[in-house]
Each structure stands twice: as C-alpha cells, then as structure tokens.
Amino acid sequence: MNLEALYKEAGAYLEGHFLLSSGNHSQFYLQSAKVLEDPKLAGDLAQALATQIQAAGLKVDTVCSPALGGVLAGYELARALHVRFIFTERVNGTMQLRRGFEVKKGERILVCEDIITTGGSALEAAACVENQGANVLGFAALANRGFCKRVGSDTPASLTCKLPNDVPFFALGDFTFDIYEPSSCPLCKDGSVAIKPGSRGN
Ligand code: ZN
C-alpha cells in the first residue's frame with residue numbers, strides 16, 4: 001500500500017513549516033482526518049489493518065483509542081474486526097475512561113491511533129484499561145511516523161519510541177520525514193515562521 005500517495009491525494013500530507021504539539025518543527029504534517037473524511041476509504045484502510053492483525057493470530061475483544069485523533073481509525077478497525085469499541089479522553093491532562101465505558105478483568109484490548117509518533121497517547125490509553133485489569137495485546141495505527149518498530153518492517157525503534165517492545169505494533173506504512181528542534185530548524189534559518197497545523201484552515 002502506498003500510504004504517502006494516498007495521504008497526498010486526500011490532501012492530508014501538508015507541506016510548509018509546522019509547529020508540532022511536541023514543540024518541534026517539521027516541513028510536513030499529516031492530517032489523518034482528511035483521509036478519514038471518506039468513510040469508504042476509512043473502511044478499506046481499517047480492513048487492511050484488521051487483516052494484518054488477524055494474520056498475526058491476535059484475538060481481540062475490544063479496540064480502545066485515545067480521543068480525539070484515534071477515534072475514527074479505531075472505530076473503523078473495531079468494525080472490521082467485529083469487536084466493540086471504546087475510547088479514553090484527557091481530563092485536566094489525565095487520560096481517563098469515561099461515559100460509562102467499562103473493561104473486564106482479562107479483556108483483550110488493542111489500542112488504536114490514527115498515527116503513532118512516539119506512542120505517548122496510545123500508551124496512556126493502554127495504562128487506563130490495564131488499571132482496570134485488561135490485557136493490552138497490541139497497538140495499531142494507520143501510519144507509523146517512523147520512531148517505533150511496526151510488524152513487518154525491518155526499521156528498528158528509535159530511543160524516542162515509548163511503546164513496549166514486547167507488544168506488537170501494526171501499521172499500514174511509514175512516514176519518515178525529519179523533525180527539528182527549533183534551534184536547529186533549517187526552515188527557521190531560512191527566515192520563515194512555524195505555524196500550528198490548523199491555524200490556516202488546515
Ligand atoms: Zn522551524
């Protein structure tokens with residue numbers, strides 16, 4: 001699957017000078033919501049991901065996503081796997097299960113994001129359900145930003161990857177463009193100013 005072409009076609013692969021939520025800068029930004037605005041495409045991508053997960057022999061009871069970014073991808077993945085779907089959300093900075101969502105002791109949960117960068121939010125969602133006795137048997141995302149090791153790729157995880165290395169991570173492809181600390185950003189050196197994605201209608 002050519003994930004890059006697919007994101008470009010959907011207008012989801014933005015080029016410019018972006019300020020990321022981590023505080024770093026990048027020439028590119030991935031806006032997965034633009035890919036997922038087409039329910040048919042979202043369903044097809046989730047089906048491809050589900051096929052990988054089933055081929056690996058994972059028996060999933062429930063998909064759980066961290067809101068907001070992971071919800072659409074996770075919901076479609078749950079549909080493709082024929083399992084239920086729940087989500088966690090941040091309340092005053094802390095990831096929580098709300099809205100009456102419950103997990104059982106030993107429930108087998110797959111945590112799904114739209115994109116895994118270092119996996120921080122996915123890991124927080126995993127901790128939420130593990131605290132209630134669930135068993136997180138894998139992570140999934142449409143795309144891997146290239147810092148974590150996904151099943152089927154030889155590229156090793158970098159030190160910034162927060163996902164545990166003994167739990168499989170499934171994704172449809174990698175995006176490996178550079179990110180820069182502001183002090184060493186070549187785009188800043190060229191005189192442009194980093195903008196927050198979304199602040200100009202993207
Ligand atoms: Zn910059």
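**Group meeting: cores, zinc site and aromatic pairs**

Not counting residues up to four places away in sequence, I53 touches L58, V60, L77, L81, L110, A140 and F170. Please keep in mind that this is a predicted model.

I53 belongs to the largest nonpolar core, which has 39 residues. Y7, I53, V63 and L77 are the residues with the most contacts inside this core. Eight named elements come up here: two or more residues each are given by α1 (3-9), β2 (25-30), α2 (32-36), α3 (39-55), α4, β4, β6 (108-116) and β7 (135-144). Apart from this core lies another, of 21 residues, with I86, L97, I109 and C148 among them.

Next, V83. This residue is in the loop between α4 (71-81) and β4 (84-91). Leaving aside neighbours within four places in sequence, V83 is in contact with V60, D61, T62, V63 and A78. V60 is also touched by I53, and V63 was one of the residues with the most contacts in the 39-residue core.

Now the metal. Which residues coordinate the zinc ion? The donors are H17 through NE2, H25 through ND1, C185 through SG and C188 through SG, at 2.1 to 2.4 Å. The angles subtended by the four donor atoms run from 94 to 120°, and the arrangement is therefore tetrahedral. The cut-off here is that all angles lie between 85 and 135 degrees. For reference, ideal angles for four tetrahedral donors are 109.5 degrees.

The donor spacing in sequence is H-x7-H-x159-C-x2-C. H17 lies in strand β1 (residues 13-19), while C185 is in the loop between β9 (179-180) and α6 (186-189), so this pair ties together parts that are 168 residues apart in sequence.

The strands around the site come next. An open sheet is formed by three strands in the order β1-β2-β9, with antiparallel pairing. β1 and β9 are the edge strands, each pairing on one side only. β2 and β9 are joined by two bridges. The zinc donor H25 stands opposite Y180 in β9.

Last, the aromatics. The structure holds nine aromatic pairs, and I will show two. In the F18 and Y29 pair, the ring centres are 5.8 Å apart and the planes are at 45°, so the pair is tilted. F18 is in strand β1 and Y29 in strand β2, 11 residues apart. F18 is buried, at 2% relative accessibility, whereas Y29 is partly exposed at 24%.

The second pair is Y75 and F85, with ring centres 5.7 Å apart and planes at 85°, so this one is edge-to-face. Y75 sits in helix α4 and F85 in strand β4, 10 residues apart. Y75 is partly exposed, with a relative accessible area of 49%, and F85 counts as buried at 15%.

There is also an aromatic cluster, formed by Y7, Y13, F28, F175 and F177. Y7 brings us back to the 39-residue core, where Y7 is among the residues with the most contacts.

Notes
Residues are numbered from 1 along each chain as its sequence is written. This is a predicted model: local features need pLDDT of at least 70, side-chain atom pairs count only at pLDDT 80 or more; totals for chains, interfaces and linings use all residues. Side-chain values use heavy atoms; hydrogens and water are left out. Donors are N, O and S atoms within 2.8 Å of the metal (3.2 Å for Na, K and Ca); water is not among the atoms, so sites may look incomplete. Four donors count as tetrahedral if all angles lie between 85 and 135 degrees; four count as square planar and six as octahedral if opposite donors are over 155 degrees apart and all others between 65 and 115; anything else is irregular. Helices (H or I, at least four residues) and strands (E, at least two) are DSSP runs, numbered from the N terminus. Contact means heavy atoms within 4.5 Å. A nonpolar core is a set of buried Ala, Val, Leu, Ile, Met, Phe, Trp, Tyr and Cys residues joined through side-chain atoms within 4.5 Å. Buried means under 20% relative accessible area, exposed over 50%, partly exposed in between (1.4 Å probe, protein chains only). Two strands pair if DSSP finds at least two bridges between them. Rings of Phe, Tyr and Trp (its six-membered ring) pair if their centres lie within 6.5 Å; planes under 30 degrees apart count as stacked, over 60 as edge-to-face and the rest as tilted.
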